[in-house]
Amino acid sequence: QWLNSAKQLNQWDLISDFSRTVEHSELMVQSMWRLSDWTGVKELMPSGSLNEIKETPEIITVRAFASLVSGRVREAEQHWAHAVKSSLDRWWRLPETGSTCHIPSLHMFNAIAEVQESTRILLELSNTQRRGVQGLVNNRTLVQDIMETWRLRTPNDWDPVPWWSEILMWRGNMHNIMTHAAKQIGEQNPAMLQTTQQLDQLGQRERAWSLNRFATAVRKQRMPEVALAILSRHQGQVEVSEAFAKLREQCQSYLALEDQAVTGLNLLESTSLEFFSPPQKAELFCLRAKFQEQLQEFDSANSSYSTAVSLCKQLSDAWISWGNFCRDRQDDSSANWVQQTATCYLQGVKNNVQEKRHELINIIRMLAFSANSKAVGAALARHIDTLPTWVWIPWIPQLLLSLAHSEAPHVKAILFRVIQAHPQAIYYQLRTCLLERREIAARLTQTARTLAEGKGDDKATVQAAAQRAQEATVAFEAAKELMEALRLRYNNLVGELEVLLSELGTRFACTPEERLLVVVYTLLHRCYKYPAATTGEVPETFKKELVGVCRACFSTDTSMKHSDFVNEYQASYERDLNPEEDTFPSTVAELMMKLKAWKQRLLNDVEDRLPSTLRLEDESVQLRNVTFNEVEIPGQYAGDLSFGIMERFTKLERIGADVFVVRRHGSSYRGLEFVGVDGSSKRFLVQTSLTPAARGEERMVQLLDTLNTVFAKHTETRRRGMCYYTPAVIPAWPQVRLFEDDAAHATYGEVYDVNCARYGREADLPVALFKAALDPAILGEVTGTEEVLELRLKALMEITQKHVTENIFSQYMYKTLPNGSHLWTFKRQLSQQLAMSSFLSALLRIGGRTPSKIMFAKNTGKLFMLDFHPAFDYKGIIEYIEPVPFRLTRNLHTFFTPFGVKGDFVASMASAAQACAAPEADLEAHLELFFRDQLMVWPWRRMNGTSNAPAVNPSPTEIASMAPPNTPKKDRR
């Protein structure tokens, strides 16, 4: 560990001393050449082969370096050929599946390419005198081309520091050779002096650029002290551009150290700015403002930011930094201060749309939470036409929800522009929003009338209900106005989309048998969770639920539409599960047995009567025959959009001829394949009968996209390739949506069900046994915390030993994946994915991670949590009562092995936390809007029957005040 840390800290002098002490020859070679001790390298590495040092590609490359420094070009070419062969041999020994083990070999190929190009440079320099002045000019041009190639071909910012050191330190040796050769040629041939001076300047400039670039990469990996040490190696005079780059890197390193603000400010104060251009001066004033901000000289910092943007109005970093400064210190009651903050963000985005477009979240946050939303709207009105419309597409869900708030007029101006430019980006969500707002407005209006007609209700409650109804009506009218504008402008497109969505909502719903199976599954799990002894009588509250379910499943409407279903199941269902009948079970255990019997009966009926694949022409003739001319494949606007990507979106040609039936834990869905004009396809599940809280999953996918952007900018997460899987979720109706799916998707619970089916075991038996084992505690026969815990532990141990072994998941994956390399890659990917999801569930305090809610891809290891959203109490505060913050059960631990858990799992979770806690992540605005949106779609109506529940739903203003307290404190400034 110490050795790896020393390499990362670029402390090769310490490594050299250590290698001499322990007499480690290979380590001595690696450290000596980086310290330019070529004499020591030659002593350790004679021309023949070595017994002490294995001839790896790295050692052979060092041999080539040493030959080039000595001027033995032909010998270096031989070493280069040997290194190529050795690297290719190593490459072919790697697994076939692409993984992180291939990355070091790719870096080795890069180093070998540097050897080849260095050889070309030395050959050209050696032939310079023979060719004369013209030959030197041509050689300088060739060398300059290679230098430009080297600038473009550097390691990635997230690559290890030793890789950067290997590439750039060798280039430093080549720059020294170039300058030395140029001086020698100039001394021997004065006629070539001017050209040799240009070659000398080229070498010095490239050396300075390499040091600055090396320092930048090291600073981005959070090692500012190392960056300052690298910058101290600059020698002699350098060009103005490189001197500015060095000064900027020094200041940013001092900023990262936090306690060196005075040193950094003194450095800027002692630097003459007369040689720098206005944009460079603006950057330096921006850095000065940051130092002053750290020193709490806020007035001086504000003045420095103002000077920076005055010198260069196109400097987006200065605008964004000034906006952050104003945001953190603004007085929300001051309209001018709020307007200045919004102007800074908008100017920053306008001047660098590609990199700063994510800062628009601060504008949306200010519109949602600021008491002076009119001031934000005024700044937005002045700049909205200067911003490209596509930058607002990722925030359409937030903008649509804002139609119910006071900022609705400003939001409508944005949405109208999106409608005109990108109608398909907004249509699905706008249509669903319109239908939801219509339903909410009608319900709240009826509630207000009922309260107004009542005599015993509080006058404040009646007024609050009337206000809610008025706000809902205004939101509905705004959504209706937007939809009318879209229909008027794109009539043909809307017609095609309406055909698609109408068929999706009416033709692909589940059969009554499938819906009844879902009900039985839900009731059975409610029995398992209900705090009642299995030997006791069924509680009255649960009986009331069963009566309501019975009436809903066999209602008059169901009897008219599905008479065969009612005739087959109603009598026997009511006889077994209707509490109003005399044959209703007397105990919870008997009720569970009845529900299990019904579950098996319905499962057999559904599987026997419904095939796994249906024909589209039987399910929807209209979708089979319709011709799509303008409709694009849904889901392409999801995720992080970039400039020009929408021009490459694929249009929809047809719907696939097969309709897939996907069954997961009692639920059945219809799967459709959307085929594009280019032959590509996407598979979606048509999910119906969704609960209102399910809309929160759309916001969760959006938050995952935001976190992916944060991970891509952080070195630790980017090095590990950490990225959340974000399937497209497209709302079609308030209770119907399209969910992107794949044939390789499965849930963690399905693995257990397959194992039970293979060995003929009942899947619910462990749960029933655990519940029965806790009967003494429920009945009061066992009291005391320690005694109850001992009872639970005893039941758990018995179940794990006899019924649920720890290798179920491992056996399933061994039989699913083709070979060992695929299995190793899958383990690592699934470990990282589970670590990231576990971190997020702990961060947002989301529980209920049952096996049926963990979906993964059997071919890639990508993981997605179903029904993944927080739950709230009547005050809008997150309810989280689970003692374990995430799921890492015995089966998962066994599959990952202790090395995988202590290695990849822990490292991935720590990296994710580190990326989110970094200052540049700035997740506070995202999280506050996320919780506001979750509270907006939360089913408050279900709480109306509970104690302490409000008489009417919270208003948008009250919801906005509930969101900030839920934001994790570690992400708040």
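**View 1. H745 and its partner across the sheet.** H745 stands opposite A857 in β9. The strand β9 covers residues 854–857, and three bridges join β8 to β9, the two running antiparallel. Strands here are DSSP runs of E with at least two residues, helices are runs of H or I with at least four, and numbering starts from the N terminus. Everything shown is a predicted model, where local features need pLDDT of at least 70, side-chain atom pairs count only at pLDDT 80 or more, and totals for chains, interfaces and linings use all residues. Residues are numbered from 1 along each chain as its sequence is written, and side-chain values use heavy atoms, with hydrogens and water left out.

**View 2. The open sheet β8-β9-β10.** Three strands line up in the order β8-β9-β10 with antiparallel pairing; a pair needs at least two DSSP bridges between the strands. Since β8 (745–747) and β10 (863–865) sit at the edges with a single partner strand each, one side of each is left without a neighbour in the sheet. From one strand to the next, the twist averages 25 degrees. Helix α35 (residues 748–759) packs on the sheet and touches β8 and β9, its direction making about 75 degrees with that of β8. For angles like these, axes are lines fitted to C-alpha atoms (for helices, over the stretch in contact), and values run from 0 to 180 degrees between N-to-C directions.

**View 3. Helix α17 against helix α19.** Helices α17 (residues 335–351) and α19 (residues 360–369) pack at about 155 degrees, their axes 9 Å apart. The pair is therefore roughly antiparallel, a label for angles over 145 degrees. On the α17 side the contact uses V338, T341, A342, Y345, L346 and V349, and on the α19 side L360, N362, I363 and M366; contact means heavy atoms within 4.5 Å. By class, that makes eight nonpolar, two polar and no charged residues. Nonpolar here takes in Ala, Val, Leu, Ile, Met, Phe, Trp, Tyr, Cys and Pro, charged means Asp, Glu, Lys and Arg, and polar is the others, Gly among them.

**View 4. Around Y669.** Y669 belongs to strand β4 (residues 667–676). Leaving out residues up to four places away in sequence, Y669 touches F660, V661, V662, L685, V686 and Q687. Its C-alpha atom is separated by 28 Å from that of S810, which is 141 residues apart along the chain.

View 5. An unreviewed UniProt entry annotates residues 469–503 as "coiled-coil region". In the model this stretch is 97% helix and 0% strand, with end C-alpha atoms 32 Å apart. UniProt positions follow the numbering used here, feature names are shortened, and annotations may be inferred rather than shown by experiment.

How values were computed. Angles under 35 degrees count as roughly parallel, over 145 as roughly antiparallel, 65 to 115 as roughly perpendicular and the rest as oblique.
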